[in-house]
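Student: I am new to this structure and would be grateful for a guided discussion of it. May we begin with the terms that the discussion requires?

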Amino acid sequence: MGPPRRKVLATAEETLTPPDDLSASQQIARVIKATGNNIYAVELPSKESMLVELPARFRSTIWIKRGSFVLVDTNAMQDRENKLRGEIVNVVRDEKRWRKEKYWPKEFVKQPAAASLGDDEDEDEEESRVGKMPSSDESDA
């Protein structure tokens, strides 16, 4: 049986609103991949990657996709003797709202989706011939 609905809703509501300020040990990070057992590889704004743990209160209530952002506390795991270097304190669900905060890192600039897709399509259009009929010029040769 899962957690009570009121607990799930409270956790979800908590992740919607960004905090007013971050402590010295907290940083926003981008999720690179889920490594298993509630452990995630994240990338800090300084391009440094590290392993962080998802606390029990978020498990089975909030799902984290690759490329999404989380708030990491690096002091939470200092007393442990393992590879984990932090703990996820909050999950960025309303990214637009979080980006307006003064502590949002400038390294995590939002990439325009239309511009990046347009460039790739031009290259693929010229090179890829998979699934296409050969031109009439090639069949005569």
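Tutor: A salt bridge is counted where a side-chain nitrogen of Lys or Arg lies within 4 Å of a carboxyl oxygen of Asp or Glu. Please bear in mind that the model is predicted.

Student: In what order do the elements of the chain run from the N terminus on?

Tutor: The chain contains four helices and five strands. From the N terminus on, their order is α-β-β-β-β-β-α-α-α.

Student: In what order do the strands of the closed barrel run?

Tutor: Strands of a sheet pair through backbone hydrogen bonds, either parallel or antiparallel. Here β2 (residues 39–43) and β3 (residues 49–53) pair in the antiparallel sense over five bridges, and Ile39 stands opposite Glu53 in β3. The pairing in the barrel of five strands is mixed, and the order is β1-β2-β3-β5-β4.

Student: Is Glu53 buried or exposed?

Tutor: Buried means under 20% relative accessible area. The relative accessibility of Glu53 is 14%, so Glu53 counts as buried.

Student: Which residue in the loop between β4 and β5 is linked with Glu53?

Tutor: The side chains of Glu53 and Arg80 meet in a salt bridge at 3.3 Å, N to O. This pair links distant parts of the chain, 27 residues apart: Glu53 is in strand β3, and its partner in the loop is Arg80.

Student: Where do Glu95 and Arg99 lie?

Tutor: Glu95 is partly exposed because its relative accessibility is 25%, and Arg99 is also partly exposed, at 23%. The two residues are four apart, about one turn of the helix, and both lie in helix α2 (residues 95–99).

Student: Which side chain of opposite charge is nearest to Asp73?

Tutor: Asp73 lies in strand β4 (residues 69–73). Its side chain makes a polar contact with the side chain of Ser25 at 2.6 Å and reaches the backbone nitrogen of Asn75 at 3.3 Å. Asp73 is buried yet has no salt bridge; the nearest side chain of opposite charge, 9.1 Å away, is that of Arg57.

How values were computed. Residues are numbered from 1 along each chain as its sequence is written. This is a predicted model: local features need pLDDT of at least 70, side-chain atom pairs count only at pLDDT 80 or more; totals for chains, interfaces and linings use all residues. Side-chain values use heavy atoms; hydrogens and water are left out. Two strands pair if DSSP finds at least two bridges between them. Buried means under 20% relative accessible area, exposed over 50%, partly exposed in between (1.4 Å probe, protein chains only). Lys and Arg count as positive and Asp and Glu as negative; His and the chain ends are not counted. A polar contact is a pair of N or O atoms within 3.5 Å; within protein, one must be able to donate a hydrogen and the other to accept it, and residues adjacent in sequence count only if both atoms are side-chain atoms.
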